[in-house]
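Subject: Structure handover

Hi,

Here is the structure I promised to pass on to you. Please open it alongside this note, and my findings follow below.

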Amino acid sequence: MAIVGVDRVVFGVESMKKAQQFYTDFGLKKIKSSPKHSIYEASNKSRVEIFPRTAKHLPPAFEKGSTIRILVWGVDTRDNLKALKADLARDHEITEDEDGTFYVTDPVGLCLGFRVSRRINVKPVIIPMNGPENVHRVDERAIYYDRAKPVGIGHIVFNVPDLKAMENFYRKRLGFHLTDRYTGRGVFLRSAIRAGHHQVFFLHDDAPGLNHLAFAVRDVSEMIGGGQYMQKNGWETAVGPGRHIVSSCYFWYVQSPVGAPNEYFCDEDFCTENWKPKSYDPHPDTFAEWFLTGLPKGKRLPPTRTKKDVTEAKGRVSRVKAARKQSEVRG
Ligand SMILES: [Fe+2]
């Protein structure tokens with residue numbers, strides 16, 4: 001094992017005030033807040049940092065407006081960090097911070113950092129559920145959430161013009177493993193052979209961009225509590241609550257002022273060496289088993305879909321219909 005997950009995400013934003021309010025409402029702990037630099041932390045100490053978009057020390061943005069400027073991956077040991085650095089130094093320019101974080105530019109043009117992870121293990125909250133003939137909670141009331149307090153950053157998703165280049169870089173150079181695919185459109189990767197379904201997901205699109213950033217919460221109740229609290233405070237739901245087919249996660253995506261939706265999720269598949277990767281049709285309908293709000297039919301696409309998915313899906317449907325007609329004629 002080497003990379004354990006996202007340690008730190010740095011945004012350059014149009015409005016510091018809106019971004020500060022967003023992460024306060026989202027349930028992260030405020031570590032620092034000023035007009036020039038703010039830090040917010042999840043329970044496992046993975047962090048979001050925000051700077052004004054025009055801050056001179058930030059690396060270049062790969063898209064216009066508010067967006068991610070640095071993604072820092074946490075590595076399990078000092079030795080593995082050293083080995084990763086030696087390998088990347090063969091064909092990448094490396095810069096280094098005083099604290100030992102080193103940086104390279106990835107194939108899509110984003111500044112990637114690596115450091116010994118500062119994430120901590122958070123004591124799990126065991127919430128037993130009762131069902132018919134299946135009783136686990138006795139003489140005890142359920143836990144209710146009026147808002148969320150995310151455990152940590154779970155995954156990050158990017159739109160990329162060269163899917164293969166990103167998959168190769170993450171699998172061959174950073175040691176990620178293939179979990180699942182959207183045929184010709186996306187790749188879900190996990191940082192270790194035994195890990196949650198994905199820590200990064202790349203989606204093919206014409207231009208690079210941040211698609212969304214996702215935070216793990218304890219269970220569906222906390223996810224609903226968080227989503228409702230965001231709604232009450234005026235943050236628009238992108239889509240949710242709902243449940244994905246790929247990864248099995250329950251989700252709630254909220255529009256944000258940092259350039260892309262932020263997501264609460266829970267109950268993702270956990271994969272080992274026995275997991276069998278599968279390739280799914282990227283049609284918008286495979287985005288979710290169900291969802292309650294957002295995406296009125298025909299008006300908007302799910303966050304992980306592009307217009308191509310609709311066009312190509314229509315193409316597939318008409319090809320199937322034509323083939324059926326042919327066989328009926330023949331029959
Ligand atoms: Fe997600």
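Two strands are called paired here if DSSP finds at least two bridges between them. Helices (H or I, at least four residues) and strands (E, at least two) are DSSP runs, numbered from the N terminus.

Before the details, please note that this is a predicted model, in which local features need pLDDT of at least 70, side-chain atom pairs count only at pLDDT 80 or more, and totals for chains, interfaces and linings use all residues. Residues are numbered from 1 along each chain as its sequence is written.

Overall picture

The chain holds 5 helices and 20 strands. Of its 331 residues, 43% are buried, that is, they have 20 or more other C-beta atoms within 10 Å of their own, against 12 or fewer for exposed residues and anything in between for partly exposed ones, with C-beta atoms placed from the backbone. Two residues are in contact if their C-beta atoms, again placed from the backbone, lie within 7 Å. Of the contacts between residues at least 6 apart in sequence, 68% link residues at least 24 apart.

The open sheet

An open sheet of 8 strands runs in the order β2-β3-β4-β1-β5-β8-β7-β6, with mixed pairing. Its edges are β2 (29-33) and β6 (95-96); each has a single partner strand, so one side of each is left without a neighbour in the sheet. Within the sheet, β1 (residues 3-13) and β5 (residues 67-75) pair in the antiparallel sense over 8 bridges. Arg8, for instance, has Val72 in β5 as its bridge partner.

Two helices pack on this sheet. Helix α1 (residues 16-26) touches β1, β2, β3 (38-41) and β4 (47-52), and its direction makes about 165° with that of β4. Helix α2 (residues 78-88) touches β5, β7 (102-105) and β8 (111-116), at about 150° to the direction of β8. For these angles, axes are lines fitted to C-alpha atoms, for helices over the stretch in contact, and values run from 0 to 180 degrees between N-to-C directions.

Backbone details to look at

Which peptide bond is cis, with omega near -10°? The bond from Gly240 to Pro241, and Pro241 lies in strand β15 (residues 237-243).

The loop between β8 and β9 (152-160) contains Glu133, a non-glycine residue with a positive phi near 55°. Glu133 counts as exposed because it has 5 C-beta neighbours inside 10 Å. Asp139 is also found in the loop between β8 and β9, and its phi is positive too, near 55°. With 4 C-beta neighbours inside 10 Å, Asp139 counts as exposed.

Best wishes
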